[in-house]
Amino acid sequence: MEYGIHWFRRDLRVAGNPALQANWKANQGKVLGLFCFDKKFLSREDFSYNRFQFFLETLVSLRDELKKAGGDLLFMDIGPETSFESLFEKLKAAGKPLPNLVSWNRDYEPFARKRDETMSQWFKSHGISVVTERDHCLIEPHEIFKGEVPTSAYQVYSPFSRKWMEFLKTPGVRARVESQKKGLLYLNAFMKEGAPQNLFSLTWKSLLKEEDLADVLGAYQEKNLKKVTIAIPANGAGTALSRVREFKKAIRSYGKDRDIPSIDGTSKLSQFFKNGSLTGAQVIAELDLDRPGKLSEGEEKFLKEIIWREFYYHILWHFPQVETQAFLEKFRTLKWENNESYFKAWKQGLTGYPFVDAGMRQLAKTGWMHNRVRMVVASFLTKDLLIDWKWGEKYFMETLLDGDLAPNNGGWQWAASTGCDPQPYFRIFNPYLQSKKFDPDGSYIREFVPELKGLSAKNIHEPGLNRPTNYPAPIVEHSVQREKALKMYGAKP
Ligand SMILES: Cc1cc2nc3c(=O)[nH]c(=O)nc-3n(C[C@H](O)[C@H](O)[C@H](O)COP(=O)(O)OP(=O)(O)OC[C@H]3O[C@@H](n4cnc5c(N)ncnc54)[C@H](O)[C@@H]3O)c2cc1C
């Protein structure tokens, strides 16, 4: 009997999953899913119980969907190298054949690239074919380069995005979007009628012994749930597509609404992109953003954000060192003050700067923070509190449901002026002015900082003498810290 295994990682969906599809075609529906819990990930210092819970719940939905379609998903409690080794032993012990093909969608993080290279070699040494596909980015990081030289990576967003837009119009890339339109038809039918019962035609039960089928996923869920601190949002490909459709109604005004945190004006899709319940290609397909002719202002702006995401993957792929250090060499030895009590106040939303505190409390309460506010709190941590951006980057990873190495690292290095195409170091956000401009009536602050509910729109941004006693005074003075920051950055050649 010939069959394949699809190794799920951050592509947690059936519809329009390119590597799963390739395996499915090669094996006429005899494909089994596998997910390996990797201790190297689970013991990371920036691990997030909340994000992991969202991930686990997405896995439950995926397993249910596969089962309803006649397929299956097995969970192994060890890293991929040992998982496959142990699985193959079990198959041999049960007198069953090994798969002829293992498939996965490519991952661009430095750790994952090394792992996948090792695994490719390992499968080949066992005589098993491997098929990998592009999925996470519409245009892969190595596909775009300056001029004719494949090694010449972009370091500035604008020319990168122009080249990306040119690529989007090429037949090859349009075909990628088109194929996602077919995937969405499947998903649509799945949402209305449920999974087609015989899409897959093999289960793990038919290959392994009962004792090899322990409920690993359930055990993780039970353990992790105790540590969860927020309400975990609905998950899965269907939920993500419904969100895209809801956002479709708002996209025309995205250009003007996207900077106002009190308005539900952004797509809130990032958490789905993170684990692959949805991809940029699918969103472009659903919103028809690759159509010829001019897009509306909102559509254009939104597409540009999708490109920012792909830009940061491009940077991480070509300059993997950004994971641990500043992109700009001259800013690798900045003398941060790293005051622990300031850091604590920032995390708790108790800095005495209402807009910053509202953002930090939104993050702690919901696992998400509006992009404008992310920029402001990141600037505040680095340039007002003079704390190393890596501390903020780590805290975001611990708390964000969409925490994702490439855009998180890119966002932090942009705000701290240490990255590629950064905010210049001398451009320092004034948290009071940002607050007045982007939350003019103070409703965002009121939602997350209830102590300030009673203040007028005029006083809420900078309460001063109107500060209620249960709200802290500013822990630092912006104008003083600004000068210190300029000195710190300027002291570098
Ligand atoms: C300091 C900092 C840290 C960040 N950390 C992360 C992170 O860990 N994970 C993450 O996905 N995004 C991160 N971002 C980018 C951005 O804030 C979020 O992607 C966005 O707020 C998600 O909300 P949304 O889906 O409603 O965005 P929308 O405005 O609807 O944008 C659509 C999509 O475009 C992408 N996008 C939007 N803005 C950016 C951006 N500035 N950079 C890269 N991609 C973008 C996201 O994938 C987003 O889902 C960070 C930004 C900053 C300034």
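Is Glu-286 buried or exposed? In this predicted model, Glu-286 has a relative accessible area of 15%, so this residue counts as buried. The side chain of Glu-286 meets that of Arg-245 in a salt bridge, with N and O 3.0 Å apart. This pair ties together distant parts of the chain, since Glu-286 belongs to helix α12 (residues 280-287) and Arg-245 to helix α9 (residues 236-248), 41 residues apart. Arg-245, at 28% relative accessibility, is partly exposed.

The structure holds 29 salt bridges, and a few others are worth a look. Asp-116 pairs with Arg-115, with 3.0 Å between the closest N and O atoms, and both of these residues are buried. A further salt bridge brings together the side chains of Asp-264 and Lys-268, at 3.5 Å from N to O. Here Asp-264 is partly exposed, with 48% relative accessibility, and Lys-268 is partly exposed as well, with 33%.

Leaving aside residues up to four places away in sequence, Ser-379 touches Asp-384, Ala-415 and Phe-429.

Empty space inside the model comes next. Rolling a probe the size of a water molecule over the atoms shows where such space is left. Across the whole structure, the search finds 4 cavities of 30 Å³ or more. The largest cavity holds about 650 Å³ of space. It is lined by 30 residues, of which Arg-9, Phe-41, Phe-52, Phe-55 and Lys-274 are the closest to its centre. At least two lining residues come from each of β2 (31-36), α2 (39-42), α3 (49-68), α5 (110-125) and α11 (270-275), and α3 gives the most, with 4 residues. The lining of the largest cavity comprises 16 nonpolar, 3 polar and 11 charged residues.

The second largest cavity holds about 70 Å³ of space. Residues lining the second largest cavity include Tyr-312, Phe-327, Leu-405, Asn-409, Gln-413 and Cys-420. Helices α13 (297-318) and α18 (405-415) each supply at least two residues of this lining, with α18 giving the most, 5 residues. By class, the lining of the second largest cavity has 8 nonpolar and 4 polar residues, and no charged residues.

Notes: Residues are numbered from 1 along each chain as its sequence is written. This is a predicted model: local features need pLDDT of at least 70, side-chain atom pairs count only at pLDDT 80 or more; totals for chains, interfaces and linings use all residues. Side-chain values use heavy atoms; hydrogens and water are left out. A salt bridge is a side-chain nitrogen of Lys or Arg within 4 Å of a carboxyl oxygen of Asp or Glu. Buried means under 20% relative accessible area, exposed over 50%, partly exposed in between (1.4 Å probe, protein chains only). Contact means heavy atoms within 4.5 Å. On a 1 Å grid over the protein atoms alone, a cavity is a set of points where a 1.4 Å probe fits but cannot get out, and a pocket is an open set with protein on both sides within 12 Å along at least five of seven lines; lining residues have an atom within 4 Å of a point. Grid points are joined across faces, edges and corners, and a volume is the space filled by probe spheres set on the points. Ala, Val, Leu, Ile, Met, Phe, Trp, Tyr, Cys and Pro count as nonpolar, Asp, Glu, Lys and Arg as charged, and the others, Gly among them, as polar.
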